[in-house]
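Subject: Structure handover

Hello,

Here is the structure I promised to pass on. Please open it first, then read my notes below.

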Amino acid sequence: MTVYLDHNATSPLRSQTREAMVRAYDAGGNPSSVHGPGRAARAIVETARAAIAKHFVTRAEDVVFTSGGTEANNLVIASARAAGAKRLIISAIEHDAVRDAATASGIQVEILPVTPDGVADIVWLENRLTGWDRDADGTPFVALMAANNETGVVQPVEAAGRLVREAEGLFHVDAVQMAGKIAFDFAGSLAHYAALSAHKCGGPQGVGALLLACDAPLSRQMHGGGQETGRRSGTENVAGIAGFAAALEAVEADDAARMAALRDALQLRLESLEGVRIWGAGADRLPNTLCLSAEGWAAEIQVIAMDLAGFAISAGSACSSGKVKKSRVLEAMGASEAQAASAIRISFGWTSTQDDLDRFADAWIREYARIRPRLAATG
């Protein structure tokens, strides 16, 4: 049986999620209908909305359900032009859902650099916003993810949010990787927008949310029935929304500490090996994420080798249609091409045990010891 260590891609469905979804399916009804079954479906959606809002410290009326984090990110970028942005600042480590949406928007894109530990350069951002030419560049717009999906490095969103607010700009946070791992206080982040996705915390795939501050402009892209108070038309995914809330409610208070202990024990075994580097080790990270490179050992070969050994891991982001590409995130952190091409991510979660991580370490170290002489000979 495969040991699943790819929770940052998708965390397996929790039993509480499945049960909540079955109840929602059994209820039936369209949440926009006024008859009894419709009102029952609406009650499920609104109960879930309130639970999700509470989890992320915002108001229920400021939660807009979407098909996932990608749609939420795209909705925000599409709203930037309508809000008067003529230039977008996005961090060098943003997910493709932000990066590609920004590129496709036709608005000029500027990159916020990161330190060698993968933390957004707040001094750079402060200097850039201080010199902002509103006449030429319009409303300042900054996108900074809350935690990186590859390295797990947690970003200084509150500090960035304060700078953007002082500049009277708009601030977007991709918080997809935060759900179920560590707390994300939307109100405290000072963000105008935040994207979420259910399947990163043991919820279903295909459902997410956009959190909005009360002063956040939004230009809807889905037209039709006027659902989500006119901000995103289309019949709500009742069962998915119920499952999203149930997954968040199932997160245990001590999960973060348990995950951090697993990560630190694994890192201790791997970081002393010759040629191995742990990325983001000097920064605050998600407790469940470990990113390492073994220079010369191609990431895709590592993923295949571990798959054959019974372990599911990944190389970089999983949202690339099955492609394995060298990490652009690590390149932004100063990694060499060889280091970026040999980076893998181990991400664990609610299903993971100490035995899982011990067995993975044994298998990876054994394979690395086997291939290391060949790497040295060809290096």
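Let me start with one glycine. Setting aside neighbours within four places in sequence, Gly 28 is in contact with Pro 37 and Ala 41. Gly 28 sits in the loop between helix H1 (15–27) and helix H2 (36–55). Its relative accessible area is 28%, so Gly 28 is partly exposed. Leu 125 is another matter. Gly 28 and Leu 125 are 97 residues apart in sequence, and their C-alpha atoms are 49 Å apart in space.

Before going further, please note that this is a predicted model.

The whole protein

The protein has 14 helices and 12 strands. Its radius of gyration is 21 Å, close to the 21 Å that the globule rule gives for 379 residues, so the protein is as compact as a globular protein of that length. The C-alpha trace spans about 70 × 55 × 35 Å along its principal axes.

How much of the protein is buried? Buried residues make up 56% of the 379 residues. The accessible surface comes to about 15,500 Å². Carbon and sulfur atoms hold 53% of that surface.

Now the contacts. Take those with a separation of 6 or more: 70% of them are between residues 24 or more positions apart.

Charges come next. There are 36 positive and 44 negative side chains. The centres of the two sets lie 4 Å apart.

Strand E12

Look at strand E12, residues 343–347. Five of its five residues are buried, so E12 is largely enclosed by the rest of the structure. Which way do the side chains go? Ala 343, Arg 345 and Ser 347 point one way from E12. Ile 344 and Ile 346 point the other way. In a regular strand the side chains alternate between the two faces of the sheet. Both sets in E12 are buried.

E12 has a partner in strand E10 (residues 289–294). Five bridges join the two strands, which run antiparallel. To find the pairing on screen, go to Leu 292, which stands opposite Ile 344 in E12.

Ser 352 lies in the loop between E12 and helix H14 (354–378). Is Ser 352 buried or exposed? Its relative accessible area is 2%, under the 20% cut-off, so Ser 352 is buried. Not counting residues up to four places away in sequence, Ser 352 touches Tyr 4, Leu 5, His 7, Arg 258, Leu 262 and Leu 357.

Lys 200

His 7 turns up again here. Lys 200 is in contact with His 7, Asn 8, Ala 9, Ser 11, Val 176, Gln 177, Ala 179 and Lys 181, leaving aside neighbours within four places in sequence. Lys 200 belongs to the loop between strand E7 (193–197) and strand E8 (208–212). Its relative accessibility is 7%, so Lys 200 counts as buried. Lys 200 and Thr 10 are 190 residues apart along the chain, yet 5.1 Å separates their C-alpha atoms.

Leu 75

Leu 75 is in helix H3 (residues 69–82). At 5% relative accessibility, Leu 75 counts as buried. What does Leu 75 touch? Not counting residues up to four places away in sequence, the list is Leu 210, Leu 218, Ser 219, Arg 220 and Gln 221. Arg 165 is 90 residues from Leu 75 in sequence and 20 Å from it in space, C-alpha to C-alpha.

Two backbone angles

Most residues other than glycine have a negative phi. Two residues here deserve a look.

Glu 168 is not a glycine, yet it has a positive phi of about 60°. Its place is in the loop between helix H7 (157–166) and strand E6 (170–174). Its relative accessibility is 61%, so Glu 168 counts as exposed.

Thr 229 is not a glycine either, and its phi is positive at about 50°. Thr 229 lies in the loop between E8 and helix H9 (238–250). With a relative accessible area of 67%, Thr 229 is exposed.

That covers my notes.

Best wishes

Technical notes. Residues are numbered from 1 along each chain as its sequence is written. This is a predicted model: local features need pLDDT of at least 70, side-chain atom pairs count only at pLDDT 80 or more; totals for chains, interfaces and linings use all residues. Side-chain values use heavy atoms; hydrogens and water are left out. Helices (H or I, at least four residues) and strands (E, at least two) are DSSP runs, numbered from the N terminus. The radius of gyration is taken over C-alpha atoms; the globule rule is 2.2 Å times the number of residues to the power 0.38. Buried means under 20% relative accessible area, exposed over 50%, partly exposed in between (1.4 Å probe, protein chains only). Contact means heavy atoms within 4.5 Å. Accessible areas come from the Shrake-Rupley method with a 1.4 Å probe; for residues, only the protein chains shown count as cover. Lys and Arg count as positive and Asp and Glu as negative; His and the chain ends are not counted. The place of a charge is taken as NZ of Lys, CZ of Arg, CG of Asp or CD of Glu. Two strands pair if DSSP finds at least two bridges between them.
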